[in-house]
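Biologist: I have a model open on my screen and I'd like to learn how to read it. Could you walk me through it feature by feature?

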Amino acid sequence: MKWMKDVKTYTPPDFHVIRDPDRCIKCKACVEQCSFDATFYDEEEDKIWNWDAKCVGCNRCAAFCPTEAITIENRENPYRINESWGKWNVVGVKKRAAFGGAPVVSMGSDKPYIVYWDHMLINASQVTNPSIDPLREPMELKTFLGKKVDYLEIEDGKLKTVLYPQLELEIPIMFAAMSYGALNYNVIEAIGRAAVELGTYFNSGEGGLHKDHYKFEGNIIVQVASGRFGVYKEYLDVASAIEIKIGQGAKPGIGGHLPGEKVTASIAQTRMIPKGTDALSPAPHHDIYSIEDLRQLIYALKEATEYKKPIFVKIACVHNIAAIASGVAQAGADVIVLDGFKGGTGASPQVIRDNVGLPIELALASVDDRLRQEGLRGKISLVASGGIRNSMDVIKAIALGADAVYIGTATLIAIGCTMCQQCHTGKCAWGIATQDPFLSKRQNPNIATQRLVNLVNVWALEIKETLGAMGINSIESLKGNRLALRGFDLSEKEMEILGILHAGE
Amino acid sequence: MKRIDASNLKYNVLNDIIRRVIEEGENKIIIDGVCGQYYIGCGIAKPVEIVINGVPGNDLGAFMEGPTIIVNEDAQDGIGNTMSSGEIIIHGNAGDVLGYSMRGGSIFVKGNVGYRACIHMKAYKEDVSPTVVIGGCAGAFMGEYMAGGTLILLGLNRDKKRLTGNYLGTGMHGGAIFVRHGVDESLCSSEVLISKPDDKDMQKILTNVKKFCDLFGFDCDKIIKDEFVKITPKSKRPYGNLYIPGP
């Protein structure tokens, strides 16, 4: 046995790896696949061991075991059951005390907060208006993002009004901001190819854009965050739209932190920082301390790109989100991105991820309401992100008032992610959130692209079928149509904020 | 050479004219009557020379790559915001957030600068490294999050004014700040080290101060013989030990 437990820092393992000795043929595929040292081969004893304390539950070994000898089980709380503390609070105190550091976690919050999507039902047509069969009749999902004019002037049969720049999406689903650094080259390559094939856009995230990925010009949204990593003229020029990242749903109000060990030569080059130093994104943009300052950056970017590209502003959903979004709209943003509380992250302090922010459903409904009241909703576009898990979440988001959605976590799950929440360790066994070349090559861009295209195309089909059932032949007709939704198991206040009726009403 | 009269022009109109003139192949532009117009030189990626008579507005030379901008009076906030290369010369004082996130090129300011100068200034290659020389004094949070480059603060003509503000070099994790006449250690963040510049550093200071003196007519020999201190980060990873992998 090559380990020794430290009793003082012991916390019970989260998982139990069960190996069926009758099935195991000692092929060591599991040993090769595990990047967390939870599985290893002991030559002296000719035995494969599992170290439960190191297992993260990613199921890579189980997936690769040719004889299905491995089962991963979630361990029950071994301590005396205490409903008011639960296992996580006990373990949380122990870890902080033992290691003297604040735990950093990744992906969206896993705590049992209410998911409002699951408390809304969608309407369908019966008798009084006919439903539509999308397999045989045209169904429009095309969406334009950007500032809209109040009215059109036509002169001599030609359009006289000058329109604002728009993004044209074949499907109202875009790939959310996930940067090179959080994800590796192969994954960004796959996401870029999928965006091109699907006629949608992917967001570079705040870590710059690798030179090789400039070829996706026409399908790129670039991000400008407080660290301004990799932001230079060519980066702005290659983009179809520029997104100013003010906040992120998983960590509202705090900055980013890519640890130095992940800053490889290639990432340093792309981010334009020295190799091996921490890539710190300050909590605020230090040139934005007010709405007026935000306007200044929006127009600086418009000036730098000669008013040819829409400017997105991404804000995390927080308590006064409606007033903030109204300010952002008035500051000149063409598109507002709302990032909900359950949005993912490559690394965030646990307490922030699990306690700060607002669910996207409530934020989206209240922002849409406020912008309508102020006569701004028709002028700008609204993108919902942070917790979109399936095609029906997309439908519900659009009915609550979004023009389009961003998907991040779903993108990763499509190419192998099992949500083990270890992105911050850089050891992703599925080769996604890692820069280790040995692990990164587990992602084949050809296969990953196909899976992303499949996912979004299937969601598009499901959306079309649902629209057809509702008797609607264009996604535009669903936008902000909250009568298409009914709530259940919700308080009156919750339904008031969501702006929907109770099921049965 | 092309002269543009900016009086009564809105910033977008003025900048549009500037862009058009540069597109037509002009490589030197003099703009008269500038009064607070934003974004002059913003996003320009050609090695042109722009001379500004008057006080330009915020975000002068933001995102620029290559131009030389000379301001004959004071300038406002956000000068050289995220600039990649080129040169900005201010014959007066400058406002807050000078050179935010700049990663190449140089800025020379004859007078004082406001708060948060050179925040998150960074360098990523030996030959691409930003340089900022400030003739007068600076406000608080100078060099915050600084990740690379060279910042020289000369403190000329300061009378009783404080040379720097509080929180100098907070979160600094790269680059070097050189301050003439030393620095009040109580104003510095705990993440920085104060040392004596070595010969190589002094050579760097001399080159830049000489250029500064040539631009603004100061006596280089007199300035350079005074004591300089060097401020560098203690670590490339100032916050590395605050966190542990969770959950």
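Modeller: We'll go through domains, the chain contact, a pocket, a helix and some single residues. This is a predicted model, where local features need pLDDT of at least 70, side-chain atom pairs count only at pLDDT 80 or more, and totals for chains, interfaces and linings use all residues. Residues are numbered from 1 along each chain as its sequence is written, chains are lettered from A and ligands numbered from 1 in the order in which they are written, and side-chain values use heavy atoms, with hydrogens and water left out.

Biologist: Into which domains is chain A divided?

Modeller: Domain bounds come from an automatic or database domain assignment. Here chain A splits into domain 1 (7-101) and domain 2 (122-502). Their C-alpha centres lie 35 Å apart.

Biologist: How many residues of domain 1 of chain A are in contact with domain 2 of chain A?

Modeller: Contact means heavy atoms within 4.5 Å. By that rule, 11 residues of domain 1 of chain A meet 13 residues of domain 2 of chain A.

Biologist: And how do I put a size on an interface?

Modeller: The size is often given as the accessible area lost when the parts come together. The buried area used here is the accessible area (1.4 Å probe) that two parts lose on being put together, summed over both. For the two domains of chain A that comes to about 1,000 Å², with 57% of it on carbon and sulfur atoms.

Biologist: What area do chain A and chain B bury between them?

Modeller: About 4,000 Å², 58% of it on carbon and sulfur atoms. Within that, His286(A), Gln296(A) and Glu303(A) supply 16% of the area that chain A buries against chain B, more than any other three residues. The contact involves 56 residues from chain A and 46 residues from chain B.

Biologist: On to pockets. What volume does the largest pocket have?

Modeller: Rules first. On a 1 Å grid over the protein atoms alone, a pocket is an open set of points with protein on both sides within 12 Å along at least five of seven lines, and lining residues have an atom within 4 Å of a point. Grid points are joined across faces, edges and corners, and the volume is the space filled by probe spheres (1.4 Å probe) set on the points. The largest pocket has about 1,300 Å³. It is lined by 38 residues, and the closest to its centre are Asp14(A), Ala53(A), Lys54(A), Lys95(A) and Pro247(B).

Biologist: Which parts of the fold supply that lining?

Modeller: Helices (H or I, at least four residues) and strands (E, at least two) are DSSP runs, numbered from the N terminus. α3 (86-99) of chain A and β12 (243-245) of chain B each give at least two lining residues, and α3(A) has the largest share, with five residues. Domain 1 and domain 2 of chain A each contribute at least three residues. Counting Ala, Val, Leu, Ile, Met, Phe, Trp, Tyr, Cys and Pro as nonpolar, Asp, Glu, Lys and Arg as charged, and the others, Gly among them, as polar, the lining has 18 nonpolar, 10 polar and 10 charged residues.

Biologist: Is helix α8 of chain A largely enclosed or open?

Modeller: Buried means under 20% relative accessible area, exposed over 50%, and partly exposed in between (1.4 Å probe, protein chains only). Seven of the 10 residues of α8 (residues 321-330) of chain A are buried, so that helix is largely enclosed by the rest of the structure. Among them are Ile321(A), Ala325(A) and Val328(A). The buried residues pack against α7 (291-304), β17 (311-316), β18 (335-339) and α10 (360-373) of chain A. Just after α8(A), Gly332(A) takes a positive phi of about 110 degrees.

Biologist: Which residues other than glycine have a positive phi?

Modeller: Arg116(B), at about 55 degrees, is one of them, and Cys118(B), near 60 degrees, is another. Arg116(B) is buried at 15% relative accessible area, and Cys118(B) is buried at 0%.

Biologist: Where does Ile395(A) lie, and what is it in contact with?

Modeller: Ile395(A) is part of helix α11 (residues 391-400) of chain A and is buried, at 1% relative accessible area. Leaving aside neighbours within four places in sequence, its contacts are Ile122(A), Ile463(A), Thr466(A), Leu467(A) and Leu478(A).
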